[in-house]
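Trainee: New model on my screen. Walk me through the main features, please.

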Amino acid sequence: MQIEEAIGLLKKMRKDRPVPKSKKIQRVKNEAIDMAIEALGKQTPKPFIWEGGNPVCPVCGEEVWDMEWCNYCGQMLYRDVEDNDE
Ligand SMILES: [Zn+2]
């Protein structure tokens with residue numbers, strides 16, 4: 001299963017789940033699902049962005065020192081092709 005597919009399923013579970021007996025249980029379950037979605041998302045490399053000539057994490061906005069992951073939030077990163085026109 002691809003990470004994007006797993007994230008999609010988790011988001012669907014969060015939405016579709018039948019109403020549980022206790023609001024506290026629902027809150028805790030939602031929190032667990034959100035944590036899983038966030039953790040999986042950080043494993044999916046995102047292109048870092050350039051700000052004033054420095055590479056910056058697209059998630060937390062901190063300057064990136066290692067080009068493969070963010071030292072601050074743990075987001076996996078990659079260098080986007082600089083000369084694309086998108
Ligand atoms: Zn970051």
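Mentor: First a convention for later: a crossing is left-handed if the near helix is turned anticlockwise from the far one by less than a right angle, and right-handed if clockwise. Residues are numbered from 1 along each chain as its sequence is written. The model is predicted, so local features need pLDDT of at least 70 and side-chain atom pairs count only at pLDDT 80 or more, while totals for chains, interfaces and linings use all residues.

Trainee: What does the protein chain average in pLDDT?

Mentor: The average is 86, and 90% of the residues score at least 70. pLDDT is the predictor's confidence in each residue, from 0 to 100. Where pLDDT is low, the predicted coordinates should not be read in detail.

Trainee: How do the axes of H1 and H2 cross?

Mentor: The axes of H1 and H2 (residues 23-43) come within 10 Å and cross at roughly 165°. H1 and H2 are therefore roughly antiparallel to each other (the label needs an angle over 145 degrees; under 35 is roughly parallel, 65 to 115 roughly perpendicular, the rest oblique). H1 passes H2 in a left-handed crossing.

Trainee: Which residues make the contact?

Mentor: From H1, Ile-3, Ala-6, Ile-7, Leu-10, Lys-11, Met-13 and Arg-14; from H2, Asn-30, Ile-33, Ala-36, Ile-37, Leu-40, Gly-41 and Gln-43. Two residues are in contact if their C-beta atoms, placed from the backbone, lie within 7 Å. By class, the contact of H1 with H2 has nine nonpolar, three polar and two charged residues.

Trainee: Take Ala-6. What does Ala-6 touch?

Mentor: Leaving out residues up to four places away in sequence, Ala-6 touches Met-1 and Leu-40.

Trainee: Over to the strands. Where is Pro-55?

Mentor: Pro-55 sits in strand S3, residues 54-56. With 17 C-beta neighbours inside 10 Å, Pro-55 counts as partly exposed. Not counting residues up to four places away in sequence, Pro-55 touches Phe-48, Trp-50, Glu-63, Val-64 and Met-67.

Trainee: And where is Arg-79?

Mentor: Arg-79 is in the segment after strand S4 (77-78). Leaving aside neighbours within four places in sequence, Arg-79 is in contact with Pro-47, Phe-48 and Met-67. Arg-79 and Pro-47 are 32 residues apart in sequence, and 5.3 Å apart C-alpha to C-alpha. Arg-79 has 13 C-beta neighbours inside 10 Å and therefore counts as partly exposed.

Definitions and conventions. Axes fitted to C-alpha atoms, helices over the stretch in contact; angles between N-to-C directions. Helix = DSSP H or I, 4+ residues; strand = E, 2+ residues; numbered from the N terminus. Nonpolar A, V, L, I, M, F, W, Y, C, P; charged D, E, K, R; others polar. Buried ≥ 20, exposed ≤ 12 C-beta atoms within 10 Å, placed from the backbone.
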